[in-house]
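Subject: A structure for you to explore

Hello! Here is the structure I promised to pass on. Have a look at it first, and then read my notes below.

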Amino acid sequence: MIELKSREPAGPIEKRWTEHKANSKLVAPHNRRRYQVIVVGTGLAGGAAAATLGELGYNVKAFCFQDSPRRAHSIAAQGGINAAKNYQNDGDSVYRLFYDTVKGGDFRARESNVYRLAELSIGIIDQAVAQGVPFAREYGGLLANRSFGGAQVSRTFYARGQTGQQLLLGAYASLNRQIEAGTVTMFPRQEMLDLIVYEGKARGIVTRNLVTGRIESHLADVVILATGGYGNVFYLSTNAKGSNVTAAWRAHRHGALFANPCYTQIHPTCIPRSGEYQSKLTLMSESLRNDGRVWVPRNAEDATKDPSSIPESDRYYYLEERYPAFGNLVPRDVASRNAMYVCNDGHGVADAPDSADGKRRAVYLDFADAIGRLGESTIRERYGNLFEMYERITGVNPYQKPMKIYPATHYTMGGLWVDYNLQTTIPGLFAGGEANFSDHGANRLGASALMQGLADGYFVLPFTIGNYLGEVRNLEPLDEDDAVVRDAVRTVEERLTRLVDAPDAKTPPEVFHRELGNIIWSKCGMSRSGEGLREALEEIPKLRERFHREVRVMGSPGGMNQNLERAGRVADLIELGELMCIDALTREESCGGHFREEHQTGDGEAKRNDEEFSYVSAWEYTGDMAAPALHKEDLTFEYVKPTMRSYK
Amino acid sequence: METRTLTLHVWRQNGPTGTGSFKTYEAKDVNEHMSFLEMLDDLNEKLISRGEEEITFDHDCREGICGACGMVVNGYAHGPRERTTTCQLHMREVFKLGWTEVWIEPWRAKAFPLVKDLMVDRSAFDRIQHAGGYISVRTGSARDANETPIQKQIADSAMDAATCIGCGACVASCPNASASLFTSAKVGHLGTLPQGVPEREIRVRNMVAQMDAEGFGSCTNHGECEAACPKGISVDWIARMNREFVRAMVTAKDDVDARD
């Protein structure tokens, strides 16, 4: 029986992390090199953890499926990173960032973790600047800040619209320094396909060398998964094409509980899709909402008119009207759902109606006022690269015409369940960054993903790994000839062979992936209902069965084979999709990114049910996809008392 | 929405040692809003459906920032539109040029061995970075971020260089297959900032030495790299790197360990 122990320290919240560190075990410098640490994924969390652990003297092996660690999808984050520096003197503090994050997460996160995150945010900025991250600066030479969706202070640091890129290149540089020093060995173009568990502890991974096709086992004393989120379950998302859930899912099948899979974030400002062939959606940083005004024509018949011909009185600035206090800066879920509603009501302005329901799914994001007030050069300075990107994709110049935007899946708050040490329910297996569920509750605030990835990677994992190794000290010796390892390798080989030899192979994996995406987007997307979820749970198992019968993979597993890579990832996303719908169906309340149509207030706001659902849903794999076992971690709020969120 | 049929000549090669050749495909129903890679996705889906092996190419973020994609399109690295990665090249640009036939090739350079079809091995770029593309700062030992003010112009200029995505188009477009633009962007980014000054000399010496060791050619000022760079990184950075290199060679102490 799995027991969920959060291992949160007690005592005043501002002292918990400090005391936890003081009471934890350490590994002496000369002993660290005896330990082998595996890090899977080299984005902000994985890259930072691998670099820091290497620096501490551990023997680190780092893996990524891309051809270089620098290409992890953290690179695409645009807007910025939060930190409670209070450089703007506008009343920010660690406590306020903590408070905002707990509230933004709709009271479904663990207070101790969130406080630690806010506390560590300060050191991240110092670290990044020391590495040479060229954050935006003011003319006086000090760091510049902007405000970001859902916050009433300016605490977001940024590097043009490429903050993720610059922070990742900072972590990559630190990683390179350790590779040069010989403490980290990098394995690019290697995909983790299974976890090796020996005597109840995570002891290694099975990978496929994507160039040669060779299945390899890598053993270690501890394994860290920093493999990102599962947003590609929607097929179309702002994630990179390669982003996938396989590593986390394989760990789940070995006993790591998967927490809150139904908490997914839909980003309000993305470029609308233009057709069936579309391979991904592109996000326009929500920092744009600082200066852009969101509107649709008040009269549905104006939907296809040139926007400049629509007089001010016929424009419906629906966020400003409905939420006067926050206006265009309401949290992501509120902004997204309202865009959906106005489009449902026929006010949408997309070029073509959606093939699924005939609605025009897009709203305007208009910079005319800001350009008039601040001048085009200021807007260019702030958002130049985003405007350029928009123009490139749509062929429309947003300095002259309003952008058209629509929500898209962007981030997944759910992930592997971890305790305060970021350890999963499998001892020796840790999860960091988007791959874990830990800090964002049911919804993540803008500019907090980079913060969490780096806090986990630079400051939490290097420390808690030491504590774990200090506790277990000498693990049982294990070598590659052990039956456990050989079995793990053989299992992976057999799974790949089954994908290549499907009995009635005829359909490329993308076709199934698109079908899965349609099911999840329409029934477990921005808004969910019991009825829709039950339908999805009928459809997904059938899709899974058809996939394994009909998927076509050309070529063999014995070499570079992207067709095979995609098939394997889709197989795992289908299984995860089913768990996601089960979780959404079980959670009979609305909170954060999880909106159940049955549970809303009179004016259409999410209605939480704290009495019954103030817990983390952590799911255990039972072998029966339709019947995973639910474990609950109760959440208590000692500092931020749950209130109904109101952005009115 | 405009759709066209294009004839694609795609480089197919099974591995680094095999001999490759162009294979011709008909791409039907290509529409103006598709990206270049979406056109290839569509073709690949059709190839799999009719039992052929798909075309292998690197790609990931599909929004021009990860640097994974890149192919030579009718002779242009990343295609004809300036400051645009292949994934952000939309077919309307190809239509505008009136192209009905498109030749698609991998990056070709000795230091980028071919992996398969349009995919090459760019690990040489990583090794150049290992040689010195960092500032030596231990996690947790940094001072307050605002302790050293940095002139806005300097920070902006460092950012101009730091924006490099490491795609390799500079190498692919250079007649000498030189990696000077790539290397100089990192040398420039770090060397411009006060934090990077202590390691300035050793950084440029080691990175240039590694660049040479990887088999990249020399820079002879063609400027093709800047024209092909999807991030518009200026060749001025190469001039700056050369100055920095000479300075380092002149001022280097004996104990500076350059990798030559």
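Let me start with a definition: domain bounds come from an automatic or database domain assignment. For chain B that assignment gives domain 1 (3-105) and domain 2 (122-251). Taken over C-alpha atoms, the centres of domain 1 and domain 2 of chain B are 30 Å apart.

Before going on, two notes on reading the model. Residues are numbered from 1 along each chain as its sequence is written, while chains are lettered from A and ligands numbered from 1 in the order in which they are written. The model is predicted, local features need pLDDT of at least 70, side-chain atom pairs count only at pLDDT 80 or more, and totals for chains, interfaces and linings use all residues.

**Chain B**

Two residues are in contact if their C-beta atoms, placed from the backbone, lie within 7 Å. By that rule, 11 residues of domain 1 of chain B touch 11 residues of domain 2 of chain B. The domain 1 side of this contact has 4 nonpolar, 6 polar and 1 charged residues. Here Ala, Val, Leu, Ile, Met, Phe, Trp, Tyr, Cys and Pro count as nonpolar, Asp, Glu, Lys and Arg as charged, and the others, Gly among them, as polar.

Chain B has 9 helices and 7 strands; helices (H or I, at least four residues) and strands (E, at least two) are DSSP runs, numbered from the N terminus. Its C-alpha trace spans about 65 × 40 × 35 Å along the principal axes. Of the 260 residues of chain B, 53% count as buried, that is, with 20 or more other C-beta atoms within 10 Å of their own, the C-beta atoms being placed from the backbone.

**Where the chains meet**

In all, 65 residues of chain B are in contact with 63 residues of chain A. Which helix of chain B gives the most to the side that touches chain A? H1(B) does, with 7 residues. By class, this side of chain B has 22 nonpolar, 24 polar and 19 charged residues.

**Chain A**

Helix H14 (residues 509-523) and helix H15 (residues 530-550) of chain A pack at an angle of about 170 degrees, with their axes 10 Å apart. Axes are lines fitted to C-alpha atoms, for helices over the stretch in contact, and angles run from 0 to 180 degrees between N-to-C directions. That angle makes H14(A) roughly antiparallel to H15(A), a label for angles over 145 degrees. The residues of this contact divide into 8 nonpolar, 1 polar and 4 charged.

Helix H7 (residues 246-253) of chain A is mostly covered, as 7 of its 8 residues are buried. A:Trp249 and A:Arg250 are among the buried ones. Just after H7(A), A:Gly255 takes a positive phi of about 120 degrees.

Finally, look for the open sheet of 3 strands in chain A, with the order S6-S7-S8 and antiparallel pairing. Two strands pair if DSSP finds at least two bridges between them. Strand S7 (residues 201-209) of chain A is joined to S8(A) by 5 bridges; in S8(A), A:Ser217 is the bridge partner of A:Val206. Helix H13 (residues 483-500) of chain A packs on the sheet and touches S6, S7 and S8 of chain A.

Enjoy exploring!

Methods
A residue is buried if 20 or more other C-beta atoms lie within 10 Å of its own, exposed if 12 or fewer, and partly exposed in between; C-beta atoms are placed from the backbone. Angles under 35 degrees count as roughly parallel, over 145 as roughly antiparallel, 65 to 115 as roughly perpendicular and the rest as oblique.
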